[in-house]
Structures are given as structure tokens and as C-alpha cells.
Amino acid sequence: MAKSDSSKLDQVVADARRASEQREQGYREQALKMYPHVCGRCGREFSGKNLRELTVHHRDHNHDNNPPDGSNWELLCLYCHDNEHQRQLEAQQGTGSGSSNKTAGATYNPFADLKSLLDDKK
């Protein structure tokens, strides 16, 4: 191998190591080191190839709030993470000023006639 090829290879390896160290400083890598690889909502466990499906959710929804103790992080699978963000969007839409998109509450009560059913059994 020529000297210039060797120095190029050394530079590529050094750059890859630096990039890896920077990523480890990122909040995802820190969270993966701190917490068990389990979704905080559904309890699904992750390892190996499917570990990429485990995401870091910011509890206060502020991606710039990354305390070193991880108190603003929660590991969630892709599905639970998407669901959490969808719930937040729906909550924001429902509480907007002058919003007429408020959904009606549930009208069905499965226990409405329970007392009479129980009384009939006596």
C-alpha cells in the first residue's frame, strides 16, 4: 500500500472514531446507556437489529432540553412514540382558542343498567 493510501485510510479511521465519540455524546446514545432497552409504554424489549426501532422521547417535547441525568427522556418504540406525538397534536388542536373542532364525549355507558341487572338476579 502506498504511503498516501495509508495516510488516507488512517484519516478515515480517525474521522470515524471522532464521529462515533460525538454520537455517543448525543442524547440517544446516553439514554440507551442509562435505561433498559424496553419501551416505556408497551414494554416491548429491543436488542440487536431492532434496537434502531427504540427512540428517545422528550417528556416536555423540547428537543433542546437534554439534562445529563436523562430526566427529560423516555425510551419508546416507534409506534408508541408516534402515538404520543399524535396525542399531543390532538390535545393542542382541541384547546386552541375559538376551536370548534371539539369532539363530543362518549354517549354509550356499558354499566348504565347494571344495577337493575344485578337486582334481577336476586
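The accessible surface of the protein chain comes to about 9600 Å², and carbon and sulfur atoms account for 51% of that area. Keep in mind that this is a predicted model. Buried residues make up 18% of the chain's 122 residues.

**Overall layout**

- The protein chain has 4 helices and 2 strands.
- Going along the sequence, the order is α-α-β-β-α-α, so the two strands sit between two helices on one side and two on the other in that pattern.
- Take the contacts between residues at least 6 apart in sequence: 47% of them join residues at least 24 apart.

**The aromatic pair**

- The count of aromatic pairs in this model is 1.
- Tyr27 belongs to helix 2 (residues 27-34) and Trp73 to strand 2, so the pair ties together parts that are 46 residues apart in sequence.
- How exposed are the two partners, Tyr27 and Trp73? Tyr27 is partly exposed, at 30% relative accessible area, while Trp73 is buried, at 0%.

**Asn72 in the loop between the strands**

- Asn72 is found in the loop between strand 1 and strand 2.
- What does the side chain of Asn72 reach at 2.8 Å? One partner is the side chain of Asp60, through a polar contact of 2.8 Å; another is the backbone oxygen of Asn65, also at 2.8 Å.
- Leaving aside residues up to four places away in sequence, Asn72 touches His57, His58, Arg59, Asp60, Asn62, Asn65 and Pro67.

**His61 and its backbone**

- His61 lies in the loop between strand 1 (54-58) and strand 2 (73-77), and Asn72 is also placed in the loop between these strands.
- Most residues other than glycine have a negative phi.
- As for accessibility, His61 is partly exposed, with a relative accessible area of 24%.

Definitions and conventions:
Residues numbered from 1 in each chain as written. Predicted model: local features only at pLDDT ≥ 70, side-chain atom pairs only at ≥ 80, totals over all residues. Heavy atoms only, no water. Buried < 20%, exposed > 50% of the residue type's maximum accessible area, 1.4 Å probe, protein only. Contact = heavy atoms within 4.5 Å. Areas by Shrake-Rupley, 256 points an atom, 1.4 Å probe, with all protein chains shown as cover. Phe/Tyr/Trp six-rings, centres within 6.5 Å; stacked < 30°, edge-to-face > 60°. Polar contact = N/O pair within 3.5 Å; in protein donor to acceptor, adjacent residues only side chain to side chain.
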